[in-house]
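Biologist: Hey, could you walk me through this model? I'm new to it.

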Amino acid sequence: MRSFFYSFFVPALFVWLWSTGFIGAKYGLPFAEPFTLLLLRMLMTLVLLLGLAWLMKTRWPGWRGAGHLAVTGILVHGCYLGGVYYAIEGGMASGIVSLIVGLQPLVTAAAAVVFLKESVSGRQWLGLALGLVGVALVLVEKFGGTGASVGFSPWALLWAVFALAGISMGTVYQKRHGTGADLVAGTLIQYGAAATFFAIGAFALESREVEWSLQLQLSMAWLVLGVSIGAILLLMWLIRQGAASQVASLFYLVPPVTALEAYLLFDERLGGLAMIGGLVAITGVALVVTQKKPA
């Protein structure tokens with residue numbers, strides 16, 4: 001039972017919490033613009049993390065390490081979340097957004113070959129190919145399969161690709177310039193940099209008007225406590241237990257979990273071709289993230 005709890009239940013809980021970030025965004029976006037909503041989320045999260053850092057007597061990195069963490073934060077949180085939120089606001093279904101950004105392990109593996117000179121096995125190349133084919137099938141159905149309205153603009157697709165590029169580049173950057181900083185301190189610096197990014201975007205592109213409805217308040221509470229704090233604390237616990245690799249292995253479950261939640265809550269439906277494409281893409285990601293490392 002203890003082994004099951006460590007190796008499956010907690011990693012699966014982390015994956016579920018992460019998937020609800022897409023759902024929380026859809027609930028909150030009718031009442032605030034994307035960068036404005038994200039800025040509020042980051043500021044609330046920073047207040048809670050500062051209190052946690054004080055209680056845990058967090059060790060802070062030097063200026064060089066903080067700079068690398070800030071760049072990572074802008075890419076992994078700023079570009080990623082900003083792209084996801086604008087894609088959802090543009091009408092793209094939460095499940096499709098999750099599927100596109102869920103290709104991050106594939107893009108990261110390809111980027112690692114170019115920038116880090118890492119080798120890729122035949123199994124991983126197959127995974128890369130399947131991931132691309134799967135997403136292509138989804139987009140073919142949405143843009144050319146039926147001739148009907150796709151429900152989202154090409155700009156939404158570009159924002160989703162922007163999110164994918166941001167988190168993939170951020171992962172490679174963090175791998176290359178990892179500082180080994182305390183996780184609470186590192187998260188604080190990353191969120192602080194992302195908050196600055198969102199503030200610039202909100203003041204440059206948006207009206208910054210917010211309708212503080214009950215739905216927005218509940219959505220914000222979940223995004224801050226459940227996702228930004230809860231998921232991160234779970235990840236920290238998993239790393240300390242030596243089970244972080246399980247998170248990577250289960251991460252490809254995020255798109256289908258998100259799609260199921262979106263179907264139950266918003267009646268978002270995917271056609272047969274899109275469902276097949278999603279399964280093909282998930283299989284491709286699984287082949288990459290479950291690749292066994294040499295002894």
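Biologist: How many helices and strands does the protein have?

Modeller: Twelve helices and zero strands, where helices (H or I, at least four residues) and strands (E, at least two) are DSSP runs numbered from the N terminus. This is a predicted model, where local features need pLDDT of at least 70 and side-chain atom pairs count only at pLDDT 80 or more, while totals for chains, interfaces and linings use all residues. Residues are numbered from 1 along each chain as its sequence is written, and side-chain values use heavy atoms, with hydrogens and water left out.

Biologist: What share of the residues is buried?

Modeller: Of the 295 residues, 47% are buried. Buried means under 20% relative accessible area, exposed over 50%, and partly exposed in between, with a 1.4 Å probe and protein chains only.

Biologist: And which residues touch the most others in the largest nonpolar core?

Modeller: Tyr80, Val84, Tyr85, Met92, Ile100 and Phe198, out of 64 residues in that core. Helix H9 (residues 214-240) gives the most to this core, nine residues. By nonpolar core I mean a set of buried Ala, Val, Leu, Ile, Met, Phe, Trp, Tyr and Cys residues joined through side-chain atoms within 4.5 Å.

Biologist: Take Met92, what does Met92 touch?

Modeller: Leaving out residues up to four places away in sequence, Met92 touches Ala87, Val97, Ile100, Phe152, Ala156, Leu157 and Ala160. A contact means heavy atoms within 4.5 Å.

Biologist: Switching topic: where is Thr72, and is Thr72 buried or exposed?

Modeller: Thr72 sits in helix H3 (residues 63-89), and Thr72 is buried because its relative accessible area is 3%. A polar atom of the Thr72 side chain lies 3.0 Å from the backbone oxygen of His68.

Biologist: What's at the start of H8?

Modeller: There, a side-chain oxygen of Asp182 comes to within 2.9 Å of the backbone nitrogen of Val184. Helix H8 (residues 183-205) has 23 residues and reaches 32 Å from its first C-alpha to its last, close to the 33 Å expected at 1.5 Å a residue. The expected span is 1.5 Å times one less than the number of residues.

Biologist: OK, aromatics now. How many aromatic pairs are there?

Modeller: Eleven aromatic pairs. Rings of Phe, Tyr and Trp (its six-membered ring) pair if their centres lie within 6.5 Å; planes under 30 degrees apart count as stacked, over 60 as edge-to-face and the rest as tilted.

Biologist: Why is the pair of Tyr27 and Phe266 tilted?

Modeller: Their ring centres are 5.0 Å apart and the planes are at 55 degrees, so the pair is tilted. This pair links distant parts of the chain, with Tyr27 in helix H1 (residues 2-28) and Phe266 in helix H11 (residues 254-266), 239 residues apart.

Biologist: What about Phe35 and Phe197?

Modeller: Phe35 and Phe197 form an edge-to-face pair, 5.9 Å centre to centre with 90 degrees between the planes. Phe35 counts as buried at 4% relative accessibility, whereas Phe197 is partly exposed at 24%.

Biologist: Which residues form the aromatic cluster with those two?

Modeller: Phe35, Tyr86, Trp159, Phe162, Phe197 and Phe198 form one cluster. Trp159 lies in helix H7 (residues 154-176). Trp159 and Tyr86 are 73 residues apart in sequence and 6.2 Å apart in space, C-alpha to C-alpha.

Notes
A polar contact is a pair of N or O atoms within 3.5 Å; within protein, one must be able to donate a hydrogen and the other to accept it, and residues adjacent in sequence count only if both atoms are side-chain atoms.
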